[in-house]
Amino acid sequence: MDKKIYHGGIRIVISPAFGTGQQYNDFGLGFYCTEYPQYAAEWAVGSGRNGFVSSYSIDTDGLRIINLCSSQYNLLHWLGLLFNYREFDLSSDTAYKSREYINKYYSVDHQACDCIIGYRADNRCFMFAQDFLDSKLSYMSFRNALISDDSNRQFVLKSNRAFDRIIFNGYKPALRDVSYPARRSREIRYMKSIKPTAGSNDFFITDLIEEEVRPYDVRLR
């Protein structure tokens, strides 16, 4: 199946190269894209700069794809993968125990995969994740913060097989006057919508640790 994906940045990328990028990105080395051109434009710009959206197609048939946004996984699997590459503040006893618990039960074997679909840990989402690990944000509040908007979902090429499949289809300019205000407006709406307290059917990471809740628990879906 051909999938359309888009990359936002300060330059046009005609030939993405395997093994380049930042080791400490969300899922390690890879080429980070999105299925939505408008969000790629938002990633490309800054408050004082324009950018570009490079567009591609990729044949995903036969590729080994880990989709962390699917029902096969939950947010703890996503966090378990982030622990491999991103640095969290584990100065509190709760955050430290949270990482130990997640690493024990929710690690994801991703070394042999070709692509990863997962949430983008931008500053906003990373802050939510940190609050969740510190038991300041409930599970459902954290979940709703991530799944309520497609803008933070990314499609990441991880293997030579995947890079061999990608075809450059052209590019468009991303204008800061359009895309930057759109991003900031959504971020503000999100921040106002997140509530740290749990409802009657909600829970915190400390509850999961105490009960040693496993991945198949229906409360995590």
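Let's start with Cys33: its bridge partner in β6 is Phe155. Please keep in mind, everyone, that this is a predicted model.

That pairing belongs to the contact between β2 and strand β6, residues 153-157, where three bridges join the two strands and the run is antiparallel. Zooming out, β2 and β6 sit in an open sheet of four strands, ordered β2-β6-β5-β4, and the pairing is mixed. At the edges you'll find β2, residues 31-33, and β4, residues 65-67, each of which pairs on one side only. On average, neighbouring strands in this sheet are turned by 20° against each other, ignoring direction.

Now, the cysteines. How many disulfides does the structure hold? The count is zero. For Cys33, the nearest cysteine sulfur belongs to Cys115 and lies 9.4 Å away. A disulfide needs the two sulfur atoms within 2.5 Å, so Cys33 is in no disulfide here. Cys33 also counts as buried, because its relative accessibility is 0%.

Then there's Cys69, which is in no disulfide either; the nearest cysteine sulfur, from Cys125, is 11 Å away. Is Cys69 buried or exposed? Its relative accessible area is 18%, and since buried means under 20%, Cys69 is buried.

Ile12, Ile14 and Tyr171 make a nonpolar patch of about 290 Å². If you'd like to find Tyr171 on the model, look in strand β7, residues 166-174. Tyr171 has a relative accessible area of 48%, so this residue counts as partly exposed.

Thanks, everyone, and happy to take questions!

Methods
Residues are numbered from 1 along each chain as its sequence is written. This is a predicted model: local features need pLDDT of at least 70, side-chain atom pairs count only at pLDDT 80 or more; totals for chains, interfaces and linings use all residues. Side-chain values use heavy atoms; hydrogens and water are left out. Two strands pair if DSSP finds at least two bridges between them. Axes are lines fitted to C-alpha atoms, for helices over the stretch in contact, and angles run from 0 to 180 degrees between N-to-C directions. Patches are made of residues with over 30% relative accessible area and no salt bridge: like charges are joined within 9 Å, nonpolar side chains (Val, Leu, Ile, Met, Phe, Trp, Tyr) within 5 Å. Accessible areas come from the Shrake-Rupley method with a 1.4 Å probe; for residues, only the protein chains shown count as cover. A salt bridge is a side-chain nitrogen of Lys or Arg within 4 Å of a carboxyl oxygen of Asp or Glu. Buried means under 20% relative accessible area, exposed over 50%, partly exposed in between (1.4 Å probe, protein chains only).
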